[in-house]
Amino acid sequence: MHHAVLDEWSRRESALHRRDPRAKTAALVVFLIVVTTSTHNFVVLGPAYLGMLVAGMAWARIPPAGALARAAVVLPFSLVFAGAVALAGDPQRAVLLAAKSYVSAAAVLLLVATTPLPALLRGFEGLGAPRFLLMVAQFLYRYLFVISEEAQHMRAAALSRGGGIRAGRTRFRAAAGALAVLFARSHVRASDIHRAMLARGFEGHFRLVRNLRFGLADALFLVPAAGFPLALRLALGGGV
Amino acid sequence: MSRRLIEVRDLRFRYHDGTPALNGVDFWLDARETVALLGPNGSGKTTFVLHLNGLLSGEGTIEICGVPLTKETLSHARRKIGLVFQDSDSQLFMPTVIEDAAFGPLNLGLTGDEAMERAREALAQVGMAAAENRAPWHLSAGEKKRVAIAGILAMRPEILILDEPTTFLDPPAAAALLQLLRELPQAKIVVTHDVLFAGAVAPRAVFFEKGAVVGEGTVPDVLQRFGWSGPLTGLRTLP
């Protein structure tokens with residue numbers, strides 16, 4: 001299944017996978033701040049940042065092409081805003097907006113693709129993120145998979161009954177009806193999953209097989225991972 | 001005399017829209033006993049077993065291993081009772097088989113190593129040890145069912161409840177499941193429409209109708225009494 005790709009990547013073995021999620025999250029936060037605040041010379045800085053991410057992907061043994069393609073999922077959203085900025089008469093800022101959002105999405109994807117979700121959320125918790133918010137995030141993540149599976153089942157069922165050959169208004173009406181059914185079915189399925197979790201003693205907190213340990217190797221990773229993009233920005237005049 | 005594990009008296013439950021689902025159910029289960037819950041669709045069988053694990057809460061009394069089931073004793077009940085759901089896909093939500101089997105033990109407060117050890121034992125018990133690093137959604141229906149059972153066995157419950165365990169299983173997988181259940185020492189409640197399976201796994205049956213227990217006895221007797229033995233004609237029994 002396509003939606004399982006990120007999960008599969010996050011379970012691979014590499015030095016980057018083994019780093020404590022808190023170290024990776026801290027490095028990501030610094031990276032995002034550096035990217036966001038880089039206002040000048042992004043023509044050089046952008047590719048340099050992206051190059052660092054590609055190097056990270058190669059180090060983590062995840063396919064850079066596939067990861068970069070998946071990071072493009074953010075573009076439809078950012079292009080809407082970029083388009084509005086361009087229409088307002090600032091095309092340079094529009095390009096910058098789209099480019100920064102793409103680089104940021106690739107950075108987030110690198111973190112998610114090298115850290116299994118339960119460990120990632122535990123890392124966020126260790127950094128002080130509200131537990132309720134994390135619980136919502138973990139259920140949202142799981143339920144996105146559920147909705148995706150239900151949608152695939154419904155699509156197969158519709159196609160098997162000639163659902164793909166209608167056109168125009170009828171098709172729109174059918175799609176709208178299917179969407180309502182999809183959410184109802186997903187709700188039922190999500191409730192079943194939640195019940196199954198409660199039945200096995202779940203009390204709102206995912207427990208890990210191995211507790212997190214922030215060691216020397218994590219510190220040695222964090223210093224260059226956070227320091228290098230910062231140094232690059234300062235050296236190449238990313239602006240203030 | 002066998003130890004009483006479950007005692008239910010006058011259990012009543014209505015859904016949010018007021019629809020009555022259980023109308024005064026009385027039920028008991030002893031140690032090492034297996035009981036089949038039979039009855040038509042919508043008769044309240046699944047609603048009833050969801051009460052035993054505290055997933056639904058109605059009026060009446062439920063005692064699990066001598067302890068009244070209340071909000072305060074919920075975790076006790078969930079340690080004692082392992083519930084295997086009808087749809088294994090809803091039960092297997094972790095990324096790998098071993099992590100899924102370890103989910104329950106970790107929630108019991110065991111360390112990671114202890115949980116993994118229990119998970120491996122349970123997977124070996126159901127014959128799925130070789131699949132520990134596979135993704136659950138890549139398994140066949142029969143394998144998923146076995147892993148779902150392993151996830152429950154890893155919690156070492158005293159009572160197993162299986163809701164429609166043969167759904168989605170082909171006959172060889174159903175026979176393998178039957179063999180597995182016969183080998184497990186726990187007391188079991190099997191909710192099923194599969195009368196052959198019920199007859200093969202359970203000496204005693206309880207028949208539900210309109211949210212109440214309307215009869216009990218041996219499986220053939222109950223099937224005969226409620227006119228469910230007809231479909232058996234000409235069918236071979238499972239090994």
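User: Which residues touch the most other members in the largest nonpolar core?

Analyst: This is a predicted model, and in its largest nonpolar core of 81 residues those are B:Ala36, B:Ala101, B:Ala150, B:Ile161, B:Ala198 and B:Ala205.

User: OK, what does B:Ala198 touch?

Analyst: Leaving aside residues up to four places away in sequence, B:Ala198 touches B:Ala36, B:Leu38, B:Val190, B:Thr192, B:Ala205 and B:Val219. There is also a second, separate core of 35 residues, which includes A:Met57, A:Val103, A:Leu109 and A:Leu120.

User: Now helices! How many residues does α6(B) have, and how far does it reach?

Analyst: Helix α6 of chain B covers residues 141-153, so to speak 13 residues, and reaches 18 Å from its first C-alpha to its last. That is close to the 18 Å expected at 1.5 Å a residue.

User: Why is α6(B) described as largely enclosed?

Analyst: Because 10 of its 13 residues are buried, α6(B) is largely enclosed by the rest of the structure. Among the buried ones are B:Lys144, B:Arg146 and B:Ala150.

User: And what do those buried residues pack against?

Analyst: In chain B, they pack against the strands β6 and β7 and the helices α3, α4, α5 and α7.

User: Switching to strands: which way do β1(B) and β4(B) pair?

Analyst: They pair in the antiparallel sense, over 5 bridges. B:Arg9 stands opposite B:Thr61 in β4(B).

User: What about β4(B) and β5(B)?

Analyst: Those strands also pair in the antiparallel sense, over 2 bridges, and B:Ile64 stands opposite B:Val67. Their hairpin has 2 residues between the strands, and B:Cys65 takes a positive phi near 50 degrees there.

How values were computed. Residues are numbered from 1 along each chain as its sequence is written. Chains are lettered from A and ligands numbered from 1 in the order in which they are written. This is a predicted model: local features need pLDDT of at least 70, side-chain atom pairs count only at pLDDT 80 or more; totals for chains, interfaces and linings use all residues. Two strands pair if DSSP finds at least two bridges between them. Helices (H or I, at least four residues) and strands (E, at least two) are DSSP runs, numbered from the N terminus. A nonpolar core is a set of buried Ala, Val, Leu, Ile, Met, Phe, Trp, Tyr and Cys residues joined through C-beta atoms within 7 Å. A residue is buried if 20 or more other C-beta atoms lie within 10 Å of its own, exposed if 12 or fewer, and partly exposed in between; C-beta atoms are placed from the backbone. Two residues are in contact if their C-beta atoms, placed from the backbone, lie within 7 Å. The expected span of a helix is 1.5 Å times one less than its number of residues.
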